[in-house]
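Please read them alongside the coordinates.

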Amino acid sequence: MAKREPRMIPLGYGKFVRADRVYALVPLEGGERQDGRRTYVHVDGLSEPVVASRSERAILADVERALAEAAGLPQRKRPAGAAGQESLL
């Protein structure tokens, strides 16, 4: 499979960034975390971090998936009983 440009990932609030431009995620704590604000996303080429309404874990999972996809790596399969999640059936 040929390599291609990494796709855009959603940050919430209608904001998107290229997966390969994200270099740091900082979760917001306490008083900073209001009005849907969850994470500061540091993006290469921007002097200020972008405020995201998604958690750092969700953004990181999307970045990882997008970079693996761009590199042509096969998708990782999640185990049936993912850690921290109980089966509903």
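Among contacts in the chain between residues at least 6 apart in sequence, what percentage join residues at least 24 apart? The share is 37%, a contact being heavy atoms within 4.5 Å.

1. Basis of the values. The model is predicted, so local features are reported at pLDDT of at least 70 and side-chain atom pairs at pLDDT 80 or more, whereas totals for chains, interfaces and linings use all residues. Residues are numbered from 1 along each chain as its sequence is written, and side-chain values use heavy atoms, with hydrogens and water left out.

2. Overall architecture. Of the 89 residues, 22% are buried; buried means under 20% relative accessible area, exposed over 50%, and partly exposed in between (1.4 Å probe, protein chains only). The chain exposes about 6700 Å², of which carbon and sulfur atoms supply 53%; the areas come from the Shrake-Rupley method with a 1.4 Å probe.

3. Strand pairing. Strand E3 (residues 22-27) and E4 run antiparallel and are joined by five bridges. E4 and E5 also run antiparallel, with three bridges. Pairing requires that DSSP find at least two bridges between two strands. Tyr-40 in E4 is the bridge partner of Val-26, and the partner of Tyr-40 in E5 is Val-51. In the hairpin of E4 and E5, six residues lie between the strands, and Gly-45 takes a positive phi near 100 degrees.

4. The two faces of E4. Thr-39, Val-41 and Val-43 form the covered face of E4, while Tyr-40 and His-42 form the uncovered one. In a regular strand the side chains alternate between the two faces of the sheet.

5. Thr-39. This residue of strand E4 (residues 39-43) is buried at 0% relative accessibility. Its side chain reaches the backbone oxygen of Arg-54 at 2.8 Å.

6. Nonpolar core. The largest nonpolar core has 12 residues, among them Ile-9, Val-22, Val-41, Val-50 and Val-63. Such a core is a set of buried Ala, Val, Leu, Ile, Met, Phe, Trp, Tyr and Cys residues joined through side-chain atoms within 4.5 Å. E1, E4, strand E5 (50-52) and H1 each supply at least two residues of this core, and H1 gives the most, with three. In soluble globular proteins, nonpolar side chains tend to be buried together. Beyond residues up to four places away in sequence, Val-22 touches Ile-9, Val-17, Val-41, His-42 and Val-63.

7. Salt bridges. There are six salt bridges, each defined as a side-chain nitrogen of Lys or Arg within 4 Å of a carboxyl oxygen of Asp or Glu. Glu-69 and Arg-7 form one of them (3.5 Å, N to O). Glu-69 lies in helix H1 (residues 56-71) and Arg-7 in the segment before strand E1 (8-12), so this pair ties together parts that are 62 residues apart in sequence. Glu-69 is partly exposed at 29%, as is Arg-7 at 30%. A network of salt bridges also links Glu-5, Arg-18 and Asp-20.

8. Asp-62 and its partners. Asp-62 is buried, with a relative accessible area of 10%, and forms salt bridges with Arg-54 at 2.8 Å and with Arg-65 at 2.9 Å. Arg-54 is partly exposed at 22%, and Arg-65 is partly exposed at 40%. Asp-62 and Arg-65 are three residues apart in helix H1, so about one helical turn separates them.

9. Tyr-13. Found in the loop between E1 and strand E2 (15-18), Tyr-13 is partly exposed at 43% relative accessibility. Its side chain reaches the backbone oxygen of Asp-35 at 2.7 Å. Tyr-13 and Val-51 are 38 residues apart in sequence and 8.8 Å apart in space, C-alpha to C-alpha; Val-51 is among the residues that Tyr-13 touches, as are Gly-36 and Arg-37.

Notes:
Helix = DSSP H or I, 4+ residues; strand = E, 2+ residues; numbered from the N terminus. Polar contact = N/O pair within 3.5 Å; in protein donor to acceptor, adjacent residues only side chain to side chain.
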